[in-house]
Amino acid sequence: MDRGEQSEQRPTGFRFPHTYAILFSVVIIAAALSYVIPAGEFERVEVGDRTEVVPGSYTAVEQSPVSFFELFKAIPTGLIDGANIIFYIFLVGGAFGIIRATGAIEAAIQKVMLMVKGNERLMIPVIMLVFSILGFTTGMAEEAIIFVPIGIVLATALGYDAMVGTAMVTLGAASGFIGGMLNPFTVGIAQEIAELTIFSGWQFRSVVYFFVLGIAILYVMHYAKKVKKDPESSLVYEEARKGHVNFTDDVMNFDELKKRHIMILITFTVGIIINIYGIFQHGWFLTELSANFFVIGLIAGLVGGMKINDIFDAFIDGMKLVVYGAIIVGFARAIVVVLESGVIIDSVINGMSSVLDFLPPSITALGMLVIQVVINFFIPSGSGQAMTTMPIMTPIADLQEIPRQVAVLAYQYGDAITNTIIPTSASLMGVLAVSGIPYIKWVRFVWKVTLMWLIIAAAALVVATVMGIS
């Protein structure tokens, strides 16, 4: 689940700026630019159920610089403007908090892992597939951390290493997160901002997802085969020899899969199906989706035999885990509030669009991907990045006659892919802390598959642009 990037303990000395500090700095810069950048506006028209920018309609207007106090008012205004998304994240996070408290997800994953134990041919692809499903339905990110020790135990028991155990869990979840077909925390939010039907374009995303997952599975299996043949070829051979990445079977302490767990998983699956049906048949949006997730959580808690107080304790715990990522939406929205108050957001859009006028649409789409990759290093929160970039990228897509869905895809891939390698990703650093794998050795392992994913994403954007996917 995308929760933003929580602060973590770092060595003394240089410390990378907090994500909130970066966002607030951008708010200040945006306010300062309102004194420098000429104010201007585009005409906008209603086309169907969305508002579109009229190409060639940009005109200069009276300068409206943002005052010192207005700069600070932008924060609560941003929180209010993003309230529907913020409370959506809270309610979904709370629902997943209840489901996790039942132990159903852990029990099911452990069952799958134990079923394939002893069958090297099936273990890697099956486990990666399971985690990828959790990635594209629940946005699994930090949750993967608790399963890494189990993955390492199974991998080492079969003659592999800790890198294989870590990779099949984290790269599996990452593959689904990149696919994002039903991920409410990235694709859902970006499409809401772009005024697209929630989870529209899932067919195209599914095709790309299978390529992404397939490449990851083949990559991990190739490395595993090499380690099995020659243990000393393991990137973490020295760490294993010194006992830095060893786990024992006592990490396998989750409940065994019981009937109530199965009923909870069925409840969750039915709930997702109802959401999909509601979206495409009844035009459900964030309010309806939030309500349905709340119902799913309550039913899961009751089926799991939890007392009513325990259900709501778990609900609150789930919301606590997403506070960071939820409130960051408001801070990100504050940037747009300042740009709009200073009447310079259209000036920024016009300037960027003018540069892109000389490029073919497919190259413009690739430029959007590069921008999102760079921004992801500094704002590694999917929801925060969506709130920061999509209000600008959406009208640029209109001006460049690129489908808005392509702009969402560029954001989606730019946000998700590099989370597997950037040091500002708290979920990645948490995984490495648990596994005992040094960051530099993880980079040596993962950079090739990350590059291949970026190539797949670039190709997908070109194809989507040519196809005019909507």
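Buried here means under 20% relative accessible area, exposed means over 50%, and partly exposed is in between (1.4 Å probe, protein chains only). This is a predicted model, so local features need pLDDT of at least 70 and side-chain atom pairs count only at pLDDT 80 or more, while totals for chains, interfaces and linings use all residues. Residues are numbered from 1 along each chain as its sequence is written, and side-chain values use heavy atoms, with hydrogens and water left out.

View 1. At 4% relative accessibility, arginine 404 is buried. One salt bridge (a side-chain nitrogen of Lys or Arg within 4 Å of a carboxyl oxygen of Asp or Glu) joins arginine 404 to aspartate 398, with the closest N and O atoms 2.7 Å apart. Aspartate 398 is buried too. Another runs from arginine 404 to glutamate 195 at 3.2 Å, N to O. Arginine 404 sits in helix α17 (residues 404-416) and glutamate 195 in the loop between α8 (187-193) and α9 (202-229), so this pair ties together parts 209 residues apart in sequence. Helices (H or I, at least four residues) and strands (E, at least two) are DSSP runs, numbered from the N terminus. Glutamate 195 itself is partly exposed, at 33% relative accessible area.

View 2. Lysine 320 and aspartate 317 meet at 3.9 Å, N to O. Both belong to α13 (residues 308-341) and are three residues apart, about one turn of the helix. Lysine 320 is exposed at 56%, and aspartate 317 is partly exposed at 42%.

**View 3. A salt-bridge network.** Here Asp81, Arg333 and Glu340 are linked by salt bridges. The salt-bridge count comes to six.

View 4. Strands β2 (residues 44-47) and β3 (residues 50-53) pair in the antiparallel sense over four bridges; pairing takes at least two DSSP bridges. Glutamate 46 has threonine 51 in β3 as its bridge partner. Two residues separate the strands, and glycine 48 in the turn has a positive phi of about 65°.

**View 5. Helix α4 and its neighbours.** Buried residues of α4 include Ile105, Ile109, Met113 and Val116. The buried residues of α4 pack against α3 (83-101), α5 (120-138), α6 (148-157), α7 (162-179) and α11 (259-282), with contact meaning heavy atoms within 4.5 Å.

**View 6. Model confidence.** The chain averages a pLDDT (the predictor's confidence in each residue, from 0 to 100) of 86, and 94% of the residues score at least 70. Over residues 4-12 the pLDDT is below 50, though this stretch has 24 contacts in the model beyond near neighbours in sequence.
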